[in-house]
Amino acid sequence: MSFLFLALAIAPAVGYEVQSLSFDWAIQQGHRLEFYRQDDFGAAGDACNVCLTPLHVNCPTSCYRNIKNVSFICSASTRGISLGPYNRTDRNLMMNALFMNEQVIFANAFEEEPIEIPKISSQSGDSDDQYAIDLEGLEGFKNILERATAQELNQFSVRIGTEILTVPLEPKARSAFYYFLKQCPDG
């Protein structure tokens, strides 16, 4: 059974439209592992293309303002997921779906595992109509990520509220996960 089928089978029955997004570009920065869609940065030569290199000095910060991303955070104080940006309407839909279910579901070709979300919050960014959604306190986060990214798999997905986020495990992403999980505390 494919993962996408598993994830869609667990979609909320409340009538929310479920979006499926695939992230193919990993940026590993200490206790954060950020995923983007490479095409969102434009072609070589575009102003935002240099942002594909972490902390590139010529990257205009405006390039990140509207680029959809998901970040996994794993430190001594935070084990969670941050996603966005959302406009006000999409943020409200996502928050409603999260408050109704209060769990994130990781899945791969072999299994699916839910994690309860103890803390759900949302903050606006530089603009009033740009919001991030933060899910914190995910117990067993490191262990679930290790199983989801097992060596024999080529991708995994995360069902969060109204979205299914798929991460292909190409060599660059797998390497970024290795360093991210290595520094992630157990628990």
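How many residues does helix α4 have, and how far does the helix reach from its first C-alpha to its last? In this predicted model, α4 runs over residues 171–183, which gives the helix 13 residues. The distance from its first C-alpha to its last is 19 Å, close to the 18 Å expected at 1.5 Å a residue.

The buried residues of α4 are A173, R174, A176, F177, F180 and L181. Seen down the helix axis, these buried residues fall within an arc of 160 degrees, so they line one face of α4. On the other side of the helix, P171, Y178 and K182 are exposed. The buried residues of α4 have several packing partners: the strands β2 (25–29), β3 (32–36), β4 (69–74), β10 (155–160) and β11 (163–168), together with helix α3 (141–148).

Helix α3 can be read in a similar way. Its buried residues are F141, K142, I144, L145 and A148. They cover an arc of only 165 degrees around the axis, which puts them on the same side of α3. These residues pack against β4, β5 (79–86), β6 (103–107), β7 (112–116) and β10, and also against α4.

A148 has a relative accessibility of 4%, and because buried means under 20%, A148 counts as buried. Leaving aside residues up to four places away in sequence, A148 touches N108, L153, Q155, F156 and L169. The C-alpha atoms of A148 and F110 are separated by 9.0 Å, although the two residues lie 38 residues apart along the chain.

Attention now turns to the strands. Six of them form an open sheet with antiparallel pairing, in the order β2-β3-β4-β5-β9-β8. At the edges are β2 and β8 (119–124), each of which pairs on one side only. On average, neighbouring strands of this sheet are turned by 20 degrees against each other, direction ignored. Within the sheet, β3 and β4 pair in the antiparallel sense over four bridges, and the bridge partner of E34 in β4 is S71.

Two helices can then be placed on this sheet. Helix α2 (residues 88–101) packs on the sheet by touching β5, β8 and β9 (131–136), and its direction makes about 15 degrees with that of β9. Helix α4 packs on the sheet too, where α4 touches β2, β3 and β4. The direction of α4 makes about 25 degrees with that of β2.

How values were computed
Residues numbered from 1 in each chain as written. Predicted model: local features only at pLDDT ≥ 70, side-chain atom pairs only at ≥ 80, totals over all residues. Heavy atoms only, no water. Expected span 1.5 Å × (residues − 1). Buried < 20%, exposed > 50% of the residue type's maximum accessible area, 1.4 Å probe, protein only. Arc of directions from axis to C-beta. Contact = heavy atoms within 4.5 Å. Pairing = 2+ DSSP bridges. Axes fitted to C-alpha atoms, helices over the stretch in contact; angles between N-to-C directions.
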